[in-house]
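This briefing is written for a reader who is meeting the structure below for the first time. Please look it over before reading the grouped points that follow.

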Amino acid sequence: MPEKKQIFYPAVWDEEGTETLTSLSERETETLVHDTMKRTSGKGVRLGYESHRTYCSKGMTELPGYVGYLDASRTWLAYWMSNAMDMIGFPVDGTKPKSHVPIPSPAHLTEFIESCFVDVDGSMGGFAGGPNQIPHLAPTYSATVMLLTLGTEEAYKVLETKKDKLLNWFLTLKNPDGSVLMHDGGEIDVRGCYCMMLPAVLLGIDTPKLREKMAEFIVSCQSYEGGFGCQPYEEAHGGYTFCATSALSLLREHQNVNKKTLSSWLAKRQCPSQGGFNGRTNKLVDACYSFWVGAAHAILKSWEAADRDDPTSVKDALLQDMIAYKNFDDFEFHPENPDHTTATDGDNDDWHDVNDKGLLNYDQVAMQTYVLRCCQAPSGGLQDKPGVGPDYYHTCYSIAGLAIAQGLNKDHHLARLGDPDSVFASSADFTDRSPVGGDKKAALIAALNSLDESASSVITTEPAMSVVRCINPVFSLRRERVVSALQYFHKTSVIPERK
C-alpha cells in the first residue's frame, strides 16, 4: 500500500493518536497560513489603505446581495464601515476630501441611525438594527458608536434627546441579580451589560439602580479557565471576555476579577504557529479576535497600571489614558526623572517582560504579520483567515486589532502636543490637539521621548507603512472620538467615577 502523502504541516499539539474534524481543520488552516506567509515573504506587504477605503465606501452606497441576511444589522454595517475608514485616516464626518466612490453625508447617516430608534410607548425606547424592527441592546450599542464616529453636533443631539427614553427602556431589561436581557423577552448575556453601559455611562444615565449588582454578575461569568462566558458556568470566549472587561471598565469596578487567570487565558489565545488569535480553546485562528482578545489584553494592562501605587511611570499614564481612566495631560512629570511622576526610584518590576515584541502580553509583531499577510483581500476588505472572502465585520475588527497591537498611543500624544516627529504630525484628519503649553507641554514631550525603543507606540513589521490611528479599546473608537463625546456630555475627557 503506497505511503499516505503528507499535505499538512505538523499539528502544534499532541493528537494522542486520535484524528478528529477539529484537528484536521486546525492542520488545514495551519497549512493555508504557512503557504500564504511563504508566498508573501520578502514582498513588503503593507496595509491597503485605498483598497479598504474603496471596499467600505462602496458598501455604504450599495450593499452586495449576499449580505441581505444582515437586514437586522444595518446599524452595525454602518458602524463597521465608518469605523474602519476612520481608523485608516478616512473619516466619514465630512472633514476629509471625498474619494472617487461617493459616500453618504454625515447628515444622511445621522438621519438613518435616528430612523432606527423605536419609541415603545411614548416614554421609553431603544435602537433597532434597522427601521421598523424591535429595539435591541446590540444595535443600540452600534447606533451609539456610529453616532460617535460621526462626532457632529447633530449626531450627539440624537443621543441627547433620546437619553430619558433609553434609561426607562434599560430599566425594563435589568434583572435584580445584575444581569441584563438583550431585548424584551430575550436572552441573558454579558454582552447586554456592555451594550447597555456604554450609552448609559456616556449619557450620564447610569443610575444606581441600573448599576446595582451588575459588576458582581459580570465577575460571576469568569470561568475556571480565566476568560469570561456569556453567563455563569459557560465556556470562556474572546468576544464575551471583551464585553466583560469593557463593561467593568465603564463601571470602573474591576477589583474582583481574577487577573492572573485572565492574563493566562488571554495569552493562550495567540496561535503559536500563525501569530493570530483564536476565540476559544482548541478553535481556529480568526482575525476578528485581534481586536476582541487584543483589546482585553490592553484593558487588563490598564487595570494593572491603575492599581499600582505611585510613582506612576509614563507607560502607566499612557495605559490609564488609553481606557479613559485618566487624561495623559493631567499627569505631572519631572524633568530630572521624566519617566516617573515623582523623583523616587519607582521600581518597575511589573514591566520585566518588556521586549521588542511590545508591552502587552502577546507577540504584537506576529499578530500584525498574520493580519497583514494572511487577511487582506486583493480587491479590498479583510477576512478572518486565508481561503475565505472579506466582509465588513472582519475589516473593522482586523484594523482595530492592528491599532491595539501598535502600542500605547505614544505617537498620538506626541502629535497632540505638537511634536513634528510623530507619525501622525501631518495627518490632515488629526483633530485631537492638546490645550497644554509652556513648561507643562515640554515636560510631557520629554516624558514620552524617555520611553525606550521597546515601548515605541508604533510596533509594526513594516514601520510607517501600515500605521493606523490610535483607538480606545473600551469603546473601539479613535481616542479623539471618545474624548470629544465625553467632553460634550460630561465636560471631561475621562469616564466619570460614581461614588
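Ala324 is buried, its relative accessible area being 3%, and this residue is found in the loop between α13 (314-322) and α14. The model is a predicted one, and its chain holds 18 helices together with four strands.

**The chain as a whole**

- Of the 499 residues that make up the chain, 60% count as buried.
- When contacts between residues at least 6 apart in sequence are considered, 69% of them join residues that are at least 24 apart.

**Two residues with positive phi**

- Most residues other than glycine have a negative phi.
- Ala324, although it is not a glycine, has a positive phi of about 60 degrees.
- Asn409 is likewise not a glycine and has a positive phi of about 70 degrees; Asn409 is found in the loop between α15 and α16 (410-416), where it is buried with a relative accessible area of 3%.

**Helices α14 and α15**

- Two packed helices are described by the angle between their axes and the distance between the axes.
- Helix α14 (residues 364-374) packs with helix α15 (residues 392-405) at an angle of about 155 degrees, and their axes are 10 Å apart.
- Because angles over 145 degrees count as roughly antiparallel, α14 and α15 are roughly antiparallel to each other, and α14 passes α15 in a left-handed crossing.
- On the α14 side the contact is made by Gln364, Met367, Gln368, Val371 and Leu372, which meet Ser398, Gly401, Leu402, Ile404 and Ala405 in α15.
- Sorted by class, the contact of α14 with α15 has six nonpolar and four polar residues, with no charged residues.

**Helices α11 and α12**

- The axes of α11 and α12 cross at roughly 150 degrees and come within 10 Å, which makes α11 roughly antiparallel to α12.
- In a left-handed crossing, α11 passes α12, and the contact brings Lys259, Leu262, Ser263, Leu266 and Ala267 of α11 together with Val293, Ala296, His297, Leu300, Trp303 and Asp307 of α12.
- The contact of α11 with α12 has, by class, seven nonpolar residues, two polar residues and two charged residues.

**Helices α5 and α7**

- The axes of helix α5 (residues 137-150) and helix α7 (residues 190-203) cross at roughly 40 degrees and come within 8 Å, an arrangement that makes α5 oblique to α7.
- The crossing of α5 and α7 is left-handed.
- In this contact, Leu137, Ala138, Thr140, Tyr141, Thr144, Val145 and Leu148 in α5 meet Gly192, Tyr194, Cys195, Met196, Leu198, Pro199 and Leu202 in α7.
- By class, the residues of the contact of α5 with α7 divide into 11 nonpolar and three polar, with no charged residues.

**Gln270 in its loop**

- Gln270 lies in the loop between α11 (259-267) and α12 (289-307), and at 14% relative accessibility Gln270 counts as buried.
- Not counting residues up to four places away in sequence, Gln270 touches Gly275, Gly276, Phe277, Tyr362, Asp363, Ala366 and Met367; Met367 also takes part in the contact of α14 with α15.
- Although Gln270 and Gln364 are 94 residues apart along the chain, their C-alpha atoms are separated by 10.0 Å.

**Cysteines and disulfides**

- A disulfide is a covalent bond between the sulfur atoms of two cysteines.
- How many disulfides does the count come to, if a pair of cysteine sulfur atoms must lie within 2.5 Å? The count comes to zero disulfides.
- The closest cysteine sulfur to that of Cys56 belongs to Cys396, and because the distance is 8.3 Å, the two are too far apart for a bond; Cys56 itself counts as buried, at 2% relative accessibility.
- For Cys374 the closest cysteine sulfur is that of Cys375, at 5.8 Å, which is too far for a bond, and Cys374 is buried with a relative accessible area of 2%.

Key: Residues numbered from 1 in each chain as written. Predicted model: local features only at pLDDT ≥ 70, side-chain atom pairs only at ≥ 80, totals over all residues. Heavy atoms only, no water. Axes fitted to C-alpha atoms, helices over the stretch in contact; angles between N-to-C directions. Helix = DSSP H or I, 4+ residues; strand = E, 2+ residues; numbered from the N terminus. Parallel < 35°, antiparallel > 145°, perpendicular 65-115°, else oblique. Left-handed = near helix turned anticlockwise from the far one by under 90°. Contact = heavy atoms within 4.5 Å. Nonpolar A, V, L, I, M, F, W, Y, C, P; charged D, E, K, R; others polar. Disulfide = S-S within 2.5 Å. Buried < 20%, exposed > 50% of the residue type's maximum accessible area, 1.4 Å probe, protein only.
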